[in-house]
Amino acid sequence: MLRHNDNYNREYAMSDMTFCYCCRVHHPSALMRRFRTRNGVRWRCQASIEAAARDVAERDAAGRLQSAMNREAARRLAHLAALVRSEDCVR
Ligand SMILES: [Zn+2]
């Protein structure tokens with residue numbers, strides 16, 4: 001959840017404010033974007049959309065790193081297993 005500066009918001013007239021369903025506060029309408037949800041189109045501020053997009057990008061990057069590490073671990077395990085098998089054959 002983002003915190004917004006109250007003083008900044010007070011510089012705008014209430015008539016020019018739109019309720020942000022994400023932050024649960026009113027923001028200046030100029031900062032608001034239409035955002036599609038399961039329950040229909042809601043107004044959401046640009047900042048919260050960008051923050052959410054950054055979170056997703058970071059999660060994706062972490063997920064890619066994890067699967068790369070999993071692949072490397074699996075490769076090493078397969079290599080070890082092959083070594084053990086070949087040693088079994090020698091004996
Ligand atoms: Zn907001």
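Colleague: Which residue in β2 is the bridge partner of F19?

Modeller: Before the details, please note that this is a predicted model, in which local features need pLDDT of at least 70 and side-chain atom pairs count only at pLDDT 80 or more, while totals for chains, interfaces and linings use all residues. Residues are numbered from 1 along each chain as its sequence is written. The bridge partner of F19 in β2 is H26. This bridge belongs to the pairing of strand β1, residues 17–20, with strand β2, residues 25–28, which run antiparallel to each other over four bridges; two strands are said to pair if DSSP finds at least two bridges between them. Helices (H or I, at least four residues) and strands (E, at least two) are DSSP runs, numbered from the N terminus.

Between β1 and β2 there are four residues, and together the two strands form a hairpin. In the loop between them lies R24, which has a positive phi of about 60° although it is not a glycine. Most residues other than glycine have a negative phi. R24 is exposed because 8 other C-beta atoms lie within 10 Å, where exposed stands for 12 or fewer such atoms around a residue's own C-beta, buried for 20 or more, and partly exposed for the range in between, with C-beta atoms placed from the backbone.

Further along, strand β3 (residues 32–37) pairs with strand β4 (residues 40–45), also in the antiparallel sense, over six bridges. A hairpin of two residues joins β3 to β4, and R34 has W43 in β4 as its bridge partner. Seen as a whole, the chain holds two helices and four strands, arranged along the sequence as α-β-β-β-β-α, and 7% of its 91 residues count as buried.
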